[in-house]
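This report describes selected features of one protein model. Please keep the sequence and the structure in view while reading.

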Amino acid sequence: MLKKLELTVERLYLFYQKLFTSDHDASAFFHQLSLDEQSHAEIIDYQIRIIRKNRGLFKDVEYDIETPAQMISDIEKLVSKREHFEKIRTMAESRGYLV
C-alpha cells in the first residue's frame with residue numbers, strides 16, 4: 001500500500017509538471033519531485049525484501065492501511081479532474097497571472 005501511495009504521488013507530480021509546461025521552473029520542480037517519489041517507491045521495495053527475509057523481527061509491527069488508502073483515493077480524484085485544472089491554468093495565463 002505504501003508503494004502504491006508513493007507511485008500515486010509521483011503521478012500527481014507528473015500531472016503538475018504537465019500542467020505547468022509554460023513555466024519551465026515549475027515544470028522542472030514537479031519533475032524532480034516525481035523522481036523523488038519514484039526513489040521512495042524503490043526504497044519501499046527494498047524494505048519489503050528485508051521484512052520478508054526477517055519476518056520474525058517484525059511480528060509486532062502494526063500498520064494503518066486506511067490512511068494511505070484514503071490518501072491514494074483523494075489524489076486519484078484530484079488527478080481525474082485534469083480538465084478543471086487545465087481550464088484554470090489557461091484562464092490564469094490569459095489574464096497574465098502565470099508567466
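Tyr16 counts as buried because its relative accessibility is 19%, where buried means under 20% relative accessible area, exposed over 50%, and partly exposed in between (1.4 Å probe, protein chains only). Phe30 is likewise buried, at 15% relative accessibility. The model is predicted: local features need pLDDT of at least 70 and side-chain atom pairs pLDDT 80 or more, whereas totals for chains, interfaces and linings use all residues. Residues are numbered from 1 along each chain as its sequence is written, and side-chain values rest on heavy atoms, without hydrogens and water.

A pair of aromatic rings is described by the distance of the centres and the angle of the planes. Rings of Phe, Tyr and Trp (its six-membered ring) pair if their centres lie within 6.5 Å; planes under 30 degrees apart count as stacked, over 60 as edge-to-face, and the rest as tilted. By this rule the count is five aromatic pairs. One of them, between Tyr16 and Phe30, is tilted, with 5.1 Å centre to centre and 45° between the planes. This pair links distant parts of the chain, since Tyr16 lies in helix α1 and Phe30 in helix α2, 14 residues apart. Helices (H or I, at least four residues) are DSSP runs, numbered from the N terminus.

Phe30 also forms a stacked pair with Phe20, at 5.8 Å centre to centre and 20° between the planes. Here Phe20 belongs to the loop between α1 and α2, 10 residues from Phe30. Phe20 is partly exposed, with a relative accessible area of 22%. Tyr13, Phe15, Tyr16, Phe20, Phe29 and Phe30 make up one aromatic cluster.

## Helix α2

Helix α2 contains 30 residues and spans 44 Å from its first C-alpha to its last, close to the expected 44 Å; the expected span is 1.5 Å times one less than the number of residues. The buried residues of α2 include Phe30, Leu33, Glu37 and Ile44. Helix α1 is part of what covers the buried residues of α2, where contact means heavy atoms within 4.5 Å.

## The largest pocket

The largest pocket has a volume of about 430 Å³. On a 1 Å grid over the protein atoms alone, a pocket is an open set of points with protein on both sides within 12 Å along at least five of seven lines, and lining residues have an atom within 4 Å of a point. A volume is the space filled by probe spheres set on the points.

The lining of the largest pocket comprises 14 residues, with Leu2, Gln47, Ile48, Ile51 and Tyr63 nearest its centre. Helix α2 gives the most to this lining, with five residues.

Key. On a 1 Å grid over the protein atoms alone, a cavity is a set of points where a 1.4 Å probe fits but cannot get out, and a pocket is an open set with protein on both sides within 12 Å along at least five of seven lines; lining residues have an atom within 4 Å of a point. Helices (H or I, at least four residues) and strands (E, at least two) are DSSP runs, numbered from the N terminus.
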